[in-house]
Amino acid sequence: PSPELEQQFDATVARKDRIEPRDWMPEAYRKTLVRQIAQHAHSEIIGMQPEGNWIGRAPSLRRKAILLAKVQDEAGHGLYLYSACETLGVTRDELTRMLIEGRQKYSSIFNYPTLSYADVGTIGWLVDGAAICNQVPLCRTSFGPYGRAMIRICKEESFHQRQGFELLMTMMRGTDEQRAMVQESVDRFWWPALMMFGPPDADSPNTEQSMAWGIKTHTNDALRQKFVDMSVPQATALGVTLPDPELRWNEERGHHDFGQPDWAEFMRVVKGGGPCNAQRVAHRKRAWEDGAWVREAALAFAEREAAAQQE
Ligand code: ACO
């Protein structure tokens, strides 16, 4: 690249402006974005599975309608993100292949099972809550299509978070058994939710460069702290206990101190050894294969239409 192009790129990033798909960009910047956006898209699509598990068993028509809408939103998020990623010169087909062949990752959180209906509420409250903490800053990320996709996604994630909180609040106003179900669910999801932010900063190989490029605007630990600070008063309002004996307000820091998740478990899950990894990927692969005829038919139709227009 000419030094002028490089300077232009650096200046755009420095004034916190957007890089657009046709602008010159360093190859490593492009690669990092493909990695992160694809991983994010895959998380949205794989994330449909744990909650989809409960659509047929929702306790009322109202809950079923809410859950269906939510799971459909996740599909939509995946599609915006795949589209944003395609502007970087990869196809959705390639990205899906990389996912099902285990060459790209998706969020660790979706490798945990959903064992009760309270999990639908907890995923909304904690998992979507963590997603919002991580994604609101990404609305200002340096790559235009990614930042713009995030704006709409965040609006929908806020709705998801509130529906989760409302579901849990309803259960907490119910019977002792329902309250116990909520607490048990929170006990299982709290630590995996903290892991969503990625490894501690000292063990995060990508953060420094991604921050220099304006792809990430906060470190993993900073966002994890923000999430803990946000969740503690919400847990109090709900009447649940967060399963961390080290959790307490630190007056001096103006933040909560908290314990560390089991990082060995995190590594295991990221490497494919979590409770549901194999099942999640097998399901995605089956859905992709079952949908092949739709893609082929759509392509054949598009080709025929294009040929007809040329005649
Ligand atoms: N699950 C799976 N893999 C993870 C996780 C996680 N929770 N956290 C980090 N990793 C991976 C990283 O992808 C990286 O591996 P890679 O280099 O092969 O891609 C490795 O662990 C080291 O992590 P970092 O250096 O900290 O990686 P990075 O700078 O990409 O930060 C983060 C990770 C914070 C997840 C970032 O990619 C991000 O903000 N992504 C967008 C948000 C997102 O993907 N959300 C999906 C879940 S939310 C939802 O869908 C509801």
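I'll start at the ligand: one of its oxygen atoms lies 2.8 Å from an N or O atom in the side chain of Asn220. Before going on, a reminder that this is a predicted model.

For Gln36, the ligand atom concerned is a nitrogen, and the distance to a side-chain N or O atom is 3.5 Å.

How much of the ligand does the protein bury? On its own the ligand exposes 960 Å², and 90% of that is buried by the protein.

H7 covers residues 144–172. Take H4 to begin with, residues 61–86. The axes of H4 and H7 come within 10 Å and cross at roughly 160 degrees. The cut-off for roughly antiparallel is over 145 degrees, which means that H4 counts as roughly antiparallel to H7. The crossing of H4 past H7 is left-handed. What is the make-up of that contact by residue class? Eleven residues are nonpolar, nine are charged and four are polar.

The other partner I want to show is H2, residues 27–46. H2 packs with H7 at an angle of about 25 degrees, and their axes are 13 Å apart. Angles under 35 degrees count as roughly parallel, so H2 and H7 are roughly parallel to each other. H2 and H7 also make a left-handed crossing.

To recap the helices: H7 has H4 roughly antiparallel to it and H2 roughly parallel. That's what I have.

Technical notes
Residues numbered from 1 in each chain as written. Predicted model: local features only at pLDDT ≥ 70, side-chain atom pairs only at ≥ 80, totals over all residues. Heavy atoms only, no water. Axes fitted to C-alpha atoms, helices over the stretch in contact; angles between N-to-C directions. Helix = DSSP H or I, 4+ residues; strand = E, 2+ residues; numbered from the N terminus. Parallel < 35°, antiparallel > 145°, perpendicular 65-115°, else oblique. Left-handed = near helix turned anticlockwise from the far one by under 90°. Nonpolar A, V, L, I, M, F, W, Y, C, P; charged D, E, K, R; others polar. Polar contact = N/O pair within 3.5 Å; in protein donor to acceptor, adjacent residues only side chain to side chain. Areas by Shrake-Rupley, 256 points an atom, 1.4 Å probe, with all protein chains shown as cover.
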